[in-house]
Amino acid sequence: MRRSFFAAMTAFALAAPGAAYAEEPDCTTGSTALPAELAGWTSRSTLTAATDAAAAETSPIAIGRAADVALQPAGKVRFAAPPGKPGEGETHAGLLAFHVETAGSYRVALGAGAWVDVIQGGSALASTAHGHGPQCSGIRKMVDFSLTPGDYLLQIAASSTPSIAALVAKLP
């Protein structure tokens with residue numbers, strides 16, 4: 001009896017961890033429908049991130065249009081403001097300019113793990129929300145900011161990859 005009880009408890013303990021986790025989605029069956037503000041994610045241009053704020057003006061990212069961004073070795077980037085997470089070891093970084101015409105909430109979406117700051121006047125702005133993209137969308141990270149009309153820098157740091165998909169979108 002004691003051995004049966006022990007065997008049953010062992011079997012339960014081994015089976016329980018698998019039951020506690022949700023099943024991973026099957027992302028091979030097609031693309032995920034994205035909310036309207038993220039529709040630009042599926043058609044990307046290519047950009048090269050700048051190594052300093054002045055050069056970023058030549059690499060603007062358009063609101064609502066995603067880009068595959070070639071980043072720079074982090075050691076070559078002169079950040080517009082100290083990144084909240086500079087990264088360890090060999091990481092990649094870069095700056096992109098963007099212009100906001102209408103005040104509101106804006107979302108920065110990234111396709112890989114990295115630190116993101118929105119910079120205005122040499123200071124990083126506080127984010128208002130963080131999250132992950134829709135399952136199977138390719139969006140790994142989303143960070144929201146409340147922005148007013150003006151010019152900004154999208155500062156990406158601590159990327160383990162030399163390129164990253166990025167989107168700046170106005171939220172409804």
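## A first pairing

Strand E8 (residues 129–131) pairs with strand E9 in the antiparallel sense, over 3 bridges. Strands here are DSSP runs of at least two residues (E), helices are runs of at least four (H or I), and both are numbered from the N terminus. Two strands count as paired if DSSP finds at least two bridges between them. Within this pair, alanine 129 has aspartate 144 of E9 as its bridge partner.

This is a predicted model, in which local features need pLDDT of at least 70, side-chain atom pairs count only at pLDDT 80 or more, and totals for chains, interfaces and linings use all residues. Residues are numbered from 1 along each chain as its sequence is written, and side-chain values use heavy atoms, with hydrogens and water left out.

## The whole chain

The protein chain holds 2 helices and 11 strands. Along the sequence they follow the pattern α-β-α-β-β-β-β-β-β-β-β-β-β.

The chain has 172 residues, and 37% of them count as buried. Buried means under 20% relative accessible area, exposed means over 50%, and partly exposed lies in between (1.4 Å probe, protein chains only). The accessible surface comes to about 9800 Å², with 56% of it belonging to carbon and sulfur atoms. These areas come from the Shrake-Rupley method with a 1.4 Å probe; for residues, only the protein chains shown count as cover.

A contact means heavy atoms within 4.5 Å. Take the contacts between residues at least 6 apart in sequence: 77% of them join residues at least 24 apart.

## Strand E9 and its other partner

Strand E9 covers residues 141–147. Of its 7 residues, 5 are buried, so E9 is largely enclosed by the rest of the structure. Strand E5 (residues 104–110) also runs antiparallel to E9, and 7 bridges join the two. In this pairing, tyrosine 106 has phenylalanine 145 as its bridge partner.

Glycine 111 sits in the loop between E5 and E6. It is partly exposed, at 29% relative accessible area. Leaving out residues up to four places away in sequence, glycine 111 touches Trp41, Gly138, Arg140, Ile164 and Ala165. Isoleucine 164 is 53 residues away from glycine 111 in sequence, but their C-alpha atoms are 6.0 Å apart.

## An open sheet

An open sheet is formed by 5 strands, in the order E3-E4-E10-E6-E7, with antiparallel pairing. E3 and strand E7 (123–124) stand at the edges with a single partner strand each, so one side of each has no neighbour in the sheet. Inside the order, strand E6 (residues 115–120) and strand E10 (residues 150–159) run antiparallel and are joined by 5 bridges. Aspartate 117 has glutamine 155 in E10 as its bridge partner.

Threonine 91 lies in the loop between strand E3 (72–73) and strand E4 (92–100). Its relative accessibility is 10%, so threonine 91 counts as buried. Beyond its neighbours within four places in sequence, threonine 91 contacts Gln72, Pro73, Ala74, Pro86, Ala158 and Ser159.

## Two nonpolar cores

A nonpolar core is a set of buried Ala, Val, Leu, Ile, Met, Phe, Trp, Tyr and Cys residues joined through side-chain atoms within 4.5 Å. The largest has 25 residues, and Val69 and Phe98 have the most contacts inside it. At least two residues of this core come from each of strand E2 (67–70), E4, E5, E6, E9, E10 and strand E11 (163–170). A second, separate core has 9 residues, including Leu38, Ala66, Ile139 and Met142.

Setting aside neighbours within four places in sequence, phenylalanine 98 has several contacts, among them Ile61, Ile63, Val118, Leu147 and Val168.
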